[in-house]
Amino acid sequence: MHARSFRAQAFHPSSTPTRTPCASMRCQAVQVADRLVLKAPGTEQGVAFAPIINGCWQLAGGHGRDVFDNIGEKLWAHAEAGYTSFDTADIYGPSESILGKFQKAWRQSGKRPVQIFTKYVPDIFSSQPTPASVEVAIRKSLTNLQVDQLDLVQLHWWDYNIPGLVDAVKCLADLQDKGLIKQIGLTNMDVEAVRSIVEAGVPVANNQVQFSLLDRRPVNGMVQYCQQHGIKLFSYGSVAGGLLSDKYVEAPKHGLFGQAKYTPVDLNTSSLKMYWNVVKRFGGQELWRELLQVLQQVSQKHSVSVANVALKWVMQQGDGNTVYPIIGLRSTAHIEDNARVLQLQLDSADMAAIDAVLQQAQGPKEDVYSFERCS
């Protein structure tokens, strides 16, 4: 269903079926005890969040029109299963407006509050953000999301060579003081950028970065810095658009001259194309497939999925209380499977087996969002 034909009434409590898509799958709910609090040091209003966050970047386009099919039911099913935290951005097409309609209906139903984390992504190539322009953007997000206060606003800055980064975050801090924002976060910032913002006196609650078994750049200083300063890391791409799942586990066939041959990967979404570039930097198809074989062995040992293992590996980095994954909300198919991540604990043997493959990786190297920012 195209976004323009999206039916707002699908969010109305009276039109929501008693038997939700989640209920039909006997989804395991995230327990209240598993809920966490996002709160930068020195701030007053913390925000509760689920340990697995729903990502809504697919609503920005590039993932097919079926993403919008029954979107109301998808959002409702995830929230009812306990996954009450949703990540979006002001540049994700109609995502904020869709979530605003959902949140209003959810709130009217009297259920436990959901959390919506958005982003401020200024077009710094056209003009430099000013206090006035930042406030206009934030008030637009408030209108779209139909709230009086934003739970979290994460700043993305396209190019460090363009000045104004710290000033823009300070504008967000001023709006936080005005009561328009509960918490301030960052997106795709490297250690140096995060440090400059923290040292400028801005309370940073989180940094959202790509982090997976294929892309371990956050362990090159980011995990350590965030852990030391009480900053959460929200990780996207932790299952690499599905490339780190059972779907792609496959033993190689060998050609006439002994070369390994695999079923071609259909890169039919913008996410898959992006993460395939990461696979190539990681070491190419053969090393990726070798990693999948090891992940399958670990998953079978614990009676979970390959994606479960990939997600838990990320969550166990650092002190185990710093990194929390964002998983794309394309359908309700993985709700029950994702619940197993919260019960899984990888042991030292699991980590050693995985590390034996990771030691062969060629990259990506450097700090987070390095080659992307330069491309």
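**Cysteines.** I began with Cys226, which counts as buried (under 20% relative accessible area, with over 50% called exposed and partly exposed in between, using a 1.4 Å probe and protein chains only). Its relative accessibility is 0%. I then looked up Cys56, and this residue is buried too, with a relative accessible area of 2%. Next I looked for disulfides, meaning a pair of cysteine sulfur atoms within 2.5 Å. The count by this rule is 0.

**A note on the model.** The model is predicted, so I kept in mind that local features need pLDDT of at least 70 and side-chain atom pairs count only at pLDDT 80 or more, while totals for chains, interfaces and linings use all residues. I also noted that residues are numbered from 1 along each chain as its sequence is written, and that side-chain values use heavy atoms, with hydrogens and water left out.

**The whole chain.** I found 13 helices and 12 strands. Helices (H or I, at least four residues) and strands (E, at least two) are DSSP runs, numbered from the N terminus. Of the 375 residues, 55% count as buried. For contacts I used heavy atoms within 4.5 Å. Among contacts between residues at least 6 apart in sequence, 78% join residues at least 24 apart.

**Asp87.** Is Asp87 buried or exposed? Asp87 is buried, with a relative accessible area of 0%, and I located this residue in strand E4 (residues 85-87).

**His78.** I found His78 in helix H2 (residues 71-80), and it is buried at 7% relative accessible area. Its side chain reaches the backbone oxygen of Lys74 at 2.8 Å. Leaving out residues up to four places away in sequence, His78 touches Asn54, Tyr83, Leu329, Ser331, Thr332 and Ile335. His78 and Ser331 are 253 residues apart along the chain, yet their C-alpha atoms are separated by 9.3 Å.

**Helix H6.** Which residues of H6 (residues 191-199) are buried? They are Val191, Ala193, Val194 and Ile197. Seen down the axis of H6, these buried residues fall within an arc of 165 degrees, so they line one face of the helix. The arc is that of the directions from the helix axis to the C-beta atoms. Glu192 and Glu199 are exposed on the face turned away from the buried side. The cover over the buried residues of H6 includes helix H5 (165-177) and strand E7 (181-187). Just after H6, Gly201 takes a positive phi of about 90 degrees.

**Strands E5 and E6.** In strand E6 (residues 150-156), 7 of its 7 residues are buried. Strand E5 (residues 115-120) runs parallel to E6, and 4 bridges join them; two strands pair if DSSP finds at least two bridges between them. Tyr120 stands opposite Leu155 in E6.

**The core.** I finished with the largest nonpolar core, which has 119 residues. Such a core is a set of buried Ala, Val, Leu, Ile, Met, Phe, Trp, Tyr and Cys residues joined through side-chain atoms within 4.5 Å. Helix H10 (residues 306-315) gives the largest share of this core, 8 residues. Leu155 and Leu291 are among the residues with the most contacts inside the core.

Methods: Polar contact = N/O pair within 3.5 Å; in protein donor to acceptor, adjacent residues only side chain to side chain.
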